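Let's take a walk through this structure together, one feature at a time. Keep the 3D view open as you read.

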Amino acid sequence: MQELTKDRVLKIMEGYGNDPQQLIAVLLDIQAESGSNYVDQKWAVLASAVLDVPLSKVYEVLTFYAMFSTVARGKYVIEICQSTPCHFIRAQEIMRWFEAAAGIKTGETTSDGSITLFRTSCVGACDIGPAVKIGDHVFGGLTEEKVKTLVRCCREDNAKELESLCQNK
């Protein structure tokens, strides 16, 4: 993926009519196109200026919503549910499987920039828990082998196979 440019960020905002009411959508698109799954400070400052939104408001959004990050993350962010139901049905074990398969600890990003592991609160999939969320997809019924497959798909950037394993198609 190419490095995000000022022209591309301006085009994203223009696509939303430079409407300050579209701040969240603009920031989501900037983050998606960043190549590192985050909103860099320079793009937050630019969004503030172009959309005529106080920089404090931009950072309020970036730091309030869990889907945003102000630091570089992997292309695939694997969010491991830590809700009470998932906790009682092996969430800690699932987390250890992901850490072993990815070769990193929770909160870290792989050296190739493909995966970041995070703990998260409820992903709304108690019926298939313990569950994980990767992008917009939720995965449950996890076994150690399925975890290894999910990690492999992320490392290989195999979105098609990843989607085929998804529980919320």
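**Loops, helix pairs and cysteines**

Aspartate 157 sits in the loop between helix 7 and helix 8 (159-164). Please bear in mind that this is a predicted model. Although aspartate 157 is not a glycine, its phi is positive, at about 55°. What is its exposure class? With 39% relative accessibility, aspartate 157 counts as partly exposed, because that class lies between the 20% limit for buried and the 50% limit for exposed.

Arginine 90 is another non-glycine residue with a positive phi, here about 85°. You will find arginine 90 in the loop between helix 5 (84-88) and helix 6. Its relative accessibility is 37%, so arginine 90 counts as partly exposed.

Another backbone feature to look at is the peptide bond joining glycine 129 and proline 130, which is cis, with omega about 0°. Proline 130 belongs to the loop between strand 2 (115-120) and strand 3 (132-134).

Now for the helices. Two packed helices are described by the angle between their axes and the distance between the axes. For helix 6 (residues 91-102) and helix 7 (residues 144-155), the axes come within 9 Å and cross at roughly 45°. That angle is why helix 6 counts as oblique to helix 7. The crossing of these two helices is right-handed. On the helix 6 side, Trp97, Phe98, Ala101 and Ala102 make the contact, meeting Glu144, Val147, Lys148, Leu150, Val151 and Arg155 of helix 7. By class, the residues of this contact are seven nonpolar, no polar and three charged.

Helix 2 (residues 23-33) also packs against helix 4 (residues 55-64), at an angle of about 65° and with the axes 11 Å apart. That makes helix 2 roughly perpendicular to helix 4, since the perpendicular range runs from 65 to 115 degrees. Helix 2 and helix 4 cross in a right-handed sense. Here Leu23, Ile24 and Leu27 of helix 2 meet Lys57, Val58, Val61 and Leu62 of helix 4. The residues in this contact comprise six nonpolar, no polar and one charged.

Finally, the cysteines. How many disulfides does a search of the whole structure find? The search finds zero. Cysteine 166 counts as buried because its relative accessibility is 6%. Cysteine 81, at 2% relative accessibility, is buried as well.

Key
Residues numbered from 1 in each chain as written. Predicted model: local features only at pLDDT ≥ 70, side-chain atom pairs only at ≥ 80, totals over all residues. Heavy atoms only, no water. Disulfide = S-S within 2.5 Å. Buried < 20%, exposed > 50% of the residue type's maximum accessible area, 1.4 Å probe, protein only. Axes fitted to C-alpha atoms, helices over the stretch in contact; angles between N-to-C directions. Helix = DSSP H or I, 4+ residues; strand = E, 2+ residues; numbered from the N terminus. Parallel < 35°, antiparallel > 145°, perpendicular 65-115°, else oblique. Left-handed = near helix turned anticlockwise from the far one by under 90°. Contact = heavy atoms within 4.5 Å. Nonpolar A, V, L, I, M, F, W, Y, C, P; charged D, E, K, R; others polar.
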